[in-house]
Amino acid sequence: MSDHKTMTLTLIVWRQKGPNAPGKFETYTAKGITEHHSFLEMLDVVNEDLIKSGKEPIVFDHDCREGICGMCSQVINGVPHGGQERTTVCQLHMRKFKDGDTIYIEPWRAKAFPIHKDLVVDRSAYDTIIQAGGYTSCHTGGVPDGNAVLIPKPDADYAMDAAECIGCGACAAACPNSSAMLFTSAKVAQLAALPQGKAEAAERVKNMLETMQECGFGNCSNHYECQAACPKGVNVKFIAKLNREYLKSLAS
Amino acid sequence: MILDGKCPTGPIEKTWDKHRFDLKLVNPANKRKYTVIMVGTGLAGGAAAASLGELGYNVMAFCYQDSPRRAHSIAAQGGINAAKNYPNDGDSIYRLFYDTIKGGDFRAREADVWRLAQVSNNIIDQCVAQGVPFARDYSGYLDNRSFGGAQVSRTFYARGQTGQQLLLGAYSALSRQIKAGTVKMYNRREMLDLVVVDGVAKGITCRNLITGEIESYAADAVCLATGGYVNVFYLSTNAMGCSVTANWKAYKKGAFFANPCYTQIHPTCIPQAGDYQSKLTLMSESLRNDGRCWVPKKKEDLGKHPSEIPDEDRDYYLERKYPSFGNLAPRDIASRAAKEQCDDGRGVGPGGRGVYLDFSDSIKRLGESTIRERYGNLFEMYEKITDENGYKRPMRMYPAPHYSMGGLWVDYNLQSNIPGLFVLGEANFSVHGANRLGASALMQGLADGYFVIPYTIGGYLATVKPGTVTTANPEFKKSVEDVNGYANKLLSINGKKTVAEFMRELGGLMWENCGMARSKESLETNLKKIPALREEFWKNVKVTGTGAELNQDLENAGRTADFLEFGELLCRDAHHREESCGGHFRVEHQYEDGEAMRDDANFCYVGAWEYKGDGKEPELHKEPLKFENVHLAVRSYK
Ligand SMILES: Cc1cc2nc3c(=O)[nH]c(=O)nc-3n(C[C@H](O)[C@H](O)[C@H](O)COP(=O)(O)OP(=O)(O)OC[C@H]3O[C@@H](n4cnc5c(N)ncnc54)[C@H](O)[C@@H]3O)c2cc1C
Ligand code: SF4
Ligand code: FES
């Protein structure tokens with residue numbers, strides 16, 4: 001765990017002024033990086049250098065830097081979030097890289113996620129999918145006691161597994177069809193597993209699926225790249241659950 | 001001026017019910033004629049926007065992230081308190097009230113805290129109805145754990161991601177209202193000014209962070225739910241974008257800033273590893289349910305692997321000093337105790353700034369799988385950051401800035417001294433006094449949002465005519481000019497130092513001289529150095545790019561400029577408060593055993609500061625605190 005060794009890396013980064021501007025890769029050098037730097041802290045170092053030399057820093061989304069807000073979104077060497085299992089870019093540490101490595105950094109690429117600038121994309125389509133039904137229609141106040149309806153532990157745990165999703169968009173970015181199925185299914189499955197969500201289950205799955213397509217996401221053809229890229233380990237079994245819920249909704 | 005919190009009087013257990021009844025109502029058909037601005041959509045703002053929209057008001061909601069689902073509430077790990085008493089271990093509304101007043105070191109208002117404890121139970125019901133997957137036991141009932149400063153188990157949780165699940169619950173309610181058209185959501189907007197017309201809050205000025213455009217929004221009332229300000233320390237557990245900006249701009253328009261010196265330093269965070277570090281990561285307090293804090297008794301043992309140090313050579317300092325609360329001593333106390341051990345030269349890890357949090361006894365007792373089930377994601381996070389396995393080797397922890405108890409001053413209705421300006425959640429000062437207990441911030445945010453503001457804002461709106469002011473009012477135009485002028489000034493300096501360099505320097509001063517231990521001298525140092533640093537900033541900062549585009553360097557520059565002003569106010573408040581209470585520890589005021597010494601004769605009040613103009617001293621206003629239900633006493637956890 002010595003801090004004495006530092007690394008020098010070559011970064012090849014997607015730069016794009018605006019949504020309609022042509023983008024291109026630019027090459028930068030990251031110097032003085034230790035194994036304890038997080039990936040974003042490494043980019044901070046590069047940006048400080050850029051600012052000092054009067055150049056515009058690389059723009060990227062981030063906020064919590066602890067893997068929970070879902071804001072960070074970079075494709076590293078072709079893999080959304082960089083390929084460490086269950087890890088967001090902000091939690092990726094430089095000990096996973098070697099001195100002299102060359103690293104490609106790109107934004108999410110999906111038709112439904114247009115680029116704002118550099119590595120920042122517009123993910124509002126995910127909000128639109130939730131607005132189509134990712135809730136229970138309870139009012140504020142006037143609800144029963146929390147223990148009035150018992151929820152078997154396996155159901156609560158299953159719902160929680162699905163609810164781990166941080167809405168980052170890596171699943172659509174990883175999918176060859178740019179499908180948002182893993183994201184959509186996580187919410188459908190969470191609410192379908194709970195008694196509180198059952199009343200609206202049929203409407204919900206229909207509306208959310210329809211909206212997903214309207215937003216420009218593709219269909220799922222079982223590549224499972226989404227699950228591999230998902231930083232929260234959201235499982236493709238929820239897609240199967242969504243499909244079952246969808247069939248049920250057609251019958252109802 | 002003596003401030004009046006407008007608290008209802010009479011028996012405390014009736015105050016909220018009586019007040020609700022006394023509040024004026026807006027008739028249902030008229031609600032849609034009123035527009036409310038909600039700045040911030042974390043737990044407080046998200047819950048409030050959804051609830052107000054559902055009532056029929058016209059809501060405009062704003063956040064700086066790309067989605068309301070990403071507010072910093074998402075990062076809360078451990079849990080949320082409520083007085084349900086499901087475990088039958090002696091909890092009650094009164095006990096939660098009492099613990100919160102005592103936990104806050106007797107520096108909060110009784111009536112506000114009572115209300116919080118009273119509505120805490122409704123929050124759990126609300127979240128369950130939304131589909132929040134709280135932890136359950138095998139019989140299907142809700143499960144509880146313990147948090148610091150309490151001897152009952154009243155904390156509800158969803159793995160180590162309680163904040164995430166609660167926020168996604170509020171976000172889902174908000175999404176439903178967005179779909180219904182009652183709430184219009186403005187993402188990626190940063191509020192940069194409050195617009196006050198004839199002394200009344202009537203709107204805001206925002207920067208569209210994508211296009212850079214400066215936009216005006218008018219409404220009949222403005223709510224700020226913009227979170228806390230501990231990023232003034234630079235390194236903290238807050239998200240990178242958390243700032244004092246919204247609160248500060250309101251302060252400069254006349255809103256009083258209350259108790260800015262009450263900041264919480266959380267005892268268990270991953271120690272800093274290097275200068276490049278951008279933030280500190282919290283390890284939830286819930287870990288202290290099963291982890292034991294210790295340092296070696298003997299300095300000679302510092303170099304040893306922890307497993308080589310036998311039990312008798314370990315100092316379980318919290319259990320030694322506070323036998324009745326042990327490892328679950330409140331945060332301010334646990335943080336100071338950790339610092340004490342490290343100052344004594346017995347801290348572990350790089351620089352001697354760390355204590356162990358050891359799970360080996362619990363693993364022996366319960367098995368690794370139980371510990372994994374309870375805290376798996378926290379252990380995983382610890383390993384990602386430190387490359388060490390917490391199951392095999394005790395974690396290393398050190399205190400870090402975490403939460404701000406201070407905030408804009410509000411009365412019992414959550415209204416600031418500016419009519420029409422309401423403040424919710426961490427952004428206000430109201431319920432935590434000088435120290436917040438664990439799992440009580442989520443409770444406060446949701447209480448304010450779901451169960452307080454929907455009533456109290458009606459009481460105000462019922463007294464004003466809707467839609468009297470539009471963005472055509474000259475105050476809006478002036479505000480846009482000011483905001484544009486400010487940005488242009490920042491962009492034109494073109495100096496030599498980066499924004500991050502200034503922020504690191506400010507954070508260093510704050511942590512060194514106004515952190516866990518403060519003295520007259522250290523604060524006076526800051527009161528000289530911060531203005532000098534600010535002056536240098538305005539001469540020598542380098543901000544790249546232009547205002548008419550997505551420009552994160554400019555965003556950070558604006559936030560840093562505000563912290564450079566606010567930091568001074570924080571130190572001024574700490575300097576004037578010649579006592580120790582909760583998170584505010586003045587080394588001159590302590591008992592022989594090092595415990596904080598309050599001065600109730602002289603400081604039993606809320607200190608609220610009024611802006612008097614740049615370069616002028618702010619004026620202090622006091623709101624005396626009365627304790628009629630809990631006796632003012634020395635706070636002891638021994
Ligand atoms: C790591 C961590 C763990 C925690 N764990 C717990 C816990 O276990 N239990 C507990 O009770 N509490 C916990 N807390 C504290 C608790 O999470 C927060 O106090 C609480 O969530 C704050 O909620 P809020 O709604 O007031 O603010 P936030 O969630 O911070 O929301 C602020 C909102 O304001 C917006 N905003 C801010 N400034 C502007 C601006 N200028 N313009 C426009 N929008 C703006 C943001 O976009 C955001 O939407 C934890 C805190 C941290 C940091
Ligand atoms: S399912 Fe996984 S990859 Fe997709 S948005 Fe959720 S967390 Fe991100
Ligand atoms: S920055 Fe929040 S998840 Fe990465």
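Predicted model: local features only at pLDDT ≥ 70, side-chain atom pairs only at ≥ 80, totals over all residues.
## Basis of the model

Local features require pLDDT of at least 70 and side-chain atom pairs pLDDT 80 or more, whereas totals for chains, interfaces and linings use all residues. Residues are numbered from 1 along each chain as its sequence is written, and side-chain values use heavy atoms, with hydrogens and water left out.

## Helices H3 and H5 of chain A

Helix H3 (residues 153-163) of chain A packs against helix H5 (residues 181-193) of chain A at an angle of about 160 degrees, and their axes are 8 Å apart. Helices are DSSP runs of H or I with at least four residues; axes are lines fitted to C-alpha atoms over the stretch in contact, and angles run from 0 to 180 degrees between N-to-C directions. H3(A) and H5(A) are therefore roughly antiparallel, the term for angles over 145 degrees.

On the H3(A) side, the contact (heavy atoms within 4.5 Å) is made by Asp155(A), Tyr158(A), Ala159(A), Ala162(A) and Ala163(A). H5(A) contributes Ala186(A), Ala189(A), Gln190(A) and Ala193(A).

## Interface between chains A and B

Chain B and chain A each bring 78 residues to their contact. The area buried between them is about 6600 Å², of which carbon and sulfur atoms give 50%; buried area is the accessible area (1.4 Å probe) lost on putting two parts together, summed over both. In chain B, Arg70(B), Tyr276(B) and Lys384(B) lose the most area to chain A, together 11% of what that side buries.

Between the two chains there are 13 salt bridges, each a side-chain nitrogen of Lys or Arg within 4 Å of a carboxyl oxygen of Asp or Glu. A salt bridge also joins the side chains of Arg159(B) and Glu164(A), at 2.9 Å from N to O.

How values were computed
Chains lettered and ligands numbered in written order. Helix = DSSP H or I, 4+ residues; strand = E, 2+ residues; numbered from the N terminus. Parallel < 35°, antiparallel > 145°, perpendicular 65-115°, else oblique.
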